[in-house]
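Please work through each task with the coordinates open before reading on.

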Amino acid sequence: METETQRKIDETVRRILEESDMDQLTESKIRKQASQELALDLNKPPFKAFVKQVVESFLEEQQRKQEQEENDDESKPADDEGNQEREYDDNGDLVICRLSHKRKVTVQEFKGKPLVSLREFFTKEGKELPTSKGISLTEEQWSVFKKNIPAIEKAIQKMESRIN
């Protein structure tokens, strides 16, 4: 494969990745879109392998950037009051992040113990209220879950590679 062709494929695939919703994107969709834009059949073995390599490289770079941003956030100085700006829900629980319009991750206290909750919410009379759809993890359960995230990511990648 020519260097110029590799450069064009790399640029096109990276642009598609940057402009797309990563939750909806698959390697197959990337190849299809890039094939149309470049007028090349990227499903042929040498191209397919190269696209896979570009996608994996891009994802690794994004993960490194995210980790760096998280490290930067942790080292940011607090505001004048000594607290970083935080969001709390209607129950007074700390909102760590929103996974979607209806789902969020919170840290709450129950019977004097902290819980990490991944839960779906609904709105009633202007208040966000939790549903029974979700899970609350104790510190011990959260610790076990965190340690297994690399295995989960590996299993997802393996599954996606079989699908693509």
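**Exercise 1. Which residues form the nonpolar patch on the surface, and how exposed is Phe-145?**

Solution. Phe-145, Ile-152 and Ile-156 form this patch, and together they have about 240 Å² of accessible area. A patch of this kind takes residues with over 30% relative accessible area and no salt bridge, joining nonpolar side chains (Val, Leu, Ile, Met, Phe, Trp, Tyr) within 5 Å and like charges within 9 Å; a salt bridge is a side-chain nitrogen of Lys or Arg within 4 Å of a carboxyl oxygen of Asp or Glu. The areas come from the Shrake-Rupley method with a 1.4 Å probe, and for residues only the protein chains shown count as cover. Phe-145 belongs to helix H4 (residues 139-147), and counts as partly exposed because its relative accessibility is 37%, where buried means under 20%, exposed over 50% and partly exposed in between.

The model is predicted, so local features need pLDDT of at least 70 and side-chain atom pairs pLDDT 80 or more, whereas totals for chains, interfaces and linings use all residues. Residues are numbered from 1 along each chain as its sequence is written, and side-chain values use heavy atoms, with hydrogens and water left out.

**Exercise 2. Describe the largest pocket by its volume and its lining.**

Solution. Begin with the volume, which is about 1600 Å³. Next, take the lining: it comprises 36 residues, and Leu-59, Gln-63, Glu-153, Ile-156 and Gln-157 lie nearest the centre of the pocket. (On a 1 Å grid over the protein atoms alone, a pocket is an open set of points for a 1.4 Å probe, with protein on both sides within 12 Å along at least five of seven lines, and lining residues have an atom within 4 Å of a point.) Then sort the lining by residue class, which gives 18 nonpolar, 8 polar and 10 charged residues. Finally, ask which element gives the most; H3 does, with 11 residues.

**Exercise 3. Where do Ala-39 and Lys-111 lie, and what is the phi of each?**

Solution. Ala-39 is placed in the loop between H2 and H3, and its phi is near 55°, a positive value in a residue other than glycine. Lys-111 lies in the loop between strand S3 (103-110) and strand S4 (113-124), and has a positive phi of about 50° although it is not a glycine. Ala-39 is exposed, at 71% relative accessibility, and Lys-111 is exposed with a relative accessible area of 75%.

Notes: Helices (H or I, at least four residues) and strands (E, at least two) are DSSP runs, numbered from the N terminus. Buried means under 20% relative accessible area, exposed over 50%, partly exposed in between (1.4 Å probe, protein chains only). Grid points are joined across faces, edges and corners, and a volume is the space filled by probe spheres set on the points. Ala, Val, Leu, Ile, Met, Phe, Trp, Tyr, Cys and Pro count as nonpolar, Asp, Glu, Lys and Arg as charged, and the others, Gly among them, as polar.
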